[in-house]
Amino acid sequence: MGRGHGAGLVKRLAFYIILMTVFLSAKDSTAIAPKSPKKAVVYSIIPGGGQFYNGKKIKAALMFGAQFWMVYQFQTNRSAYNLWDDGSYMKPREYYRENRNKYAWYSTFVYIYNLADALVDSHLSDFDEKGEKVDKTQN
């Protein structure tokens, strides 16, 4: 992967972080209202955005990082596969093709999981975890 590809990837990453911050900074933090599942899924177009919207900042960072890593590995293996010739790489060309395909599938899985997780978290946002405790001794 050449120097230009890495710089473009970093610029896109910075753009997505700024975009996610702008979209999510306008939310009202004084009211504790149920989260909108539709908004959570829309924000999840950027990996981790829906989790950030739902207030799960650590999970958002993990989702974004996982997706970024999968795309980075896909790009690296794709470049190695496309630029491969007999003497420039240590591994056979087939190795890079297999890894390229593997990371494409992993990336797809992480992205779908990201969408589903944001949707489920938004549906459960108004679930009362600290509700009344049930006394199991009474019948």
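Trainee: Why is Val120 called partly exposed?

Mentor: Val120 has a relative accessible area of 46%, and since buried means under 20%, exposed means over 50% and partly exposed is what lies in between (1.4 Å probe, protein chains only), Val120 counts as partly exposed. This is a predicted model, in which local features need pLDDT of at least 70 and side-chain atom pairs count only at pLDDT 80 or more, while totals for chains, interfaces and linings use all residues. Residues are numbered from 1 along each chain as its sequence is written, and side-chain values use heavy atoms, with hydrogens and water left out.

Trainee: Where is the place of Val120, and what do Val120, Leu124 and Phe127 form?

Mentor: Val120 sits in helix α5, which covers residues 93-123, a helix here being a DSSP run of H or I with at least four residues, a strand a run of E with at least two, and both being numbered from the N terminus. Together with Leu124 and Phe127, Val120 forms a nonpolar patch on the surface, and the three share about 320 Å² of accessible area. Patches are built from residues with over 30% relative accessible area and no salt bridge, like charges being joined within 9 Å and nonpolar side chains (Val, Leu, Ile, Met, Phe, Trp, Tyr) within 5 Å; the areas come from the Shrake-Rupley method with a 1.4 Å probe, and for residues only the protein chains shown count as cover.

Trainee: How many helices and strands does the secondary structure of the protein chain come to?

Mentor: The protein chain has 5 helices and 0 strands, and its pattern, read along the sequence, is α-α-α-α-α. Of its 139 residues, 26% count as buried.

Trainee: What makes α4 roughly antiparallel to α5?

Mentor: The axes of α5 and of helix α4, which spans residues 57-83, come within 8 Å and cross at roughly 160°, which means that α4 is roughly antiparallel to α5. For the cut-offs, angles under 35 degrees count as roughly parallel, over 145 as roughly antiparallel, 65 to 115 as roughly perpendicular and the rest as oblique. The axes are lines fitted to C-alpha atoms, for helices over the stretch in contact, and the angles run from 0 to 180 degrees between N-to-C directions.

Trainee: Is the crossing of α4 and α5 left-handed or right-handed?

Mentor: The crossing of α4 and α5 is left-handed, a word used if the near helix is turned anticlockwise from the far one by less than a right angle, whereas clockwise would be right-handed.

Trainee: How do you know that the side chains of Asp117 and Lys59 meet in a salt bridge?

Mentor: A salt bridge is a side-chain nitrogen of Lys or Arg within 4 Å of a carboxyl oxygen of Asp or Glu, and the N to O distance between Lys59 and Asp117 is 3.3 Å, so the two side chains are joined in this way. This pair links distant parts of the chain, with Asp117 in helix α5 and Lys59 in helix α4, 58 residues apart. Lys59 also forms a salt bridge with Asp121, where the closest N and O atoms are 3.2 Å apart, and this pair likewise links distant parts, being 62 residues apart.

Trainee: How many salt bridges does a search of the whole structure find, and what does Glu94 form with Arg97?

Mentor: The search finds 3 salt bridges, and one of them joins Glu94 and Arg97, whose closest N and O atoms are 2.1 Å apart. Glu94 and Arg97 are separated by about one helical turn, because they are 3 residues apart in helix α5. Glu94, at 37% relative accessibility, counts as partly exposed, and Arg97, at 28%, counts as partly exposed.

Trainee: Why is Tyr53 called buried?

Mentor: Tyr53, which lies in helix α3 (residues 49-53), has a relative accessible area of 9%, and that value falls under the limit for buried, so Tyr53 is given that name. The C-alpha atoms of Tyr53 and Asp121 are separated by 9.8 Å, although the two are 68 residues apart along the chain.
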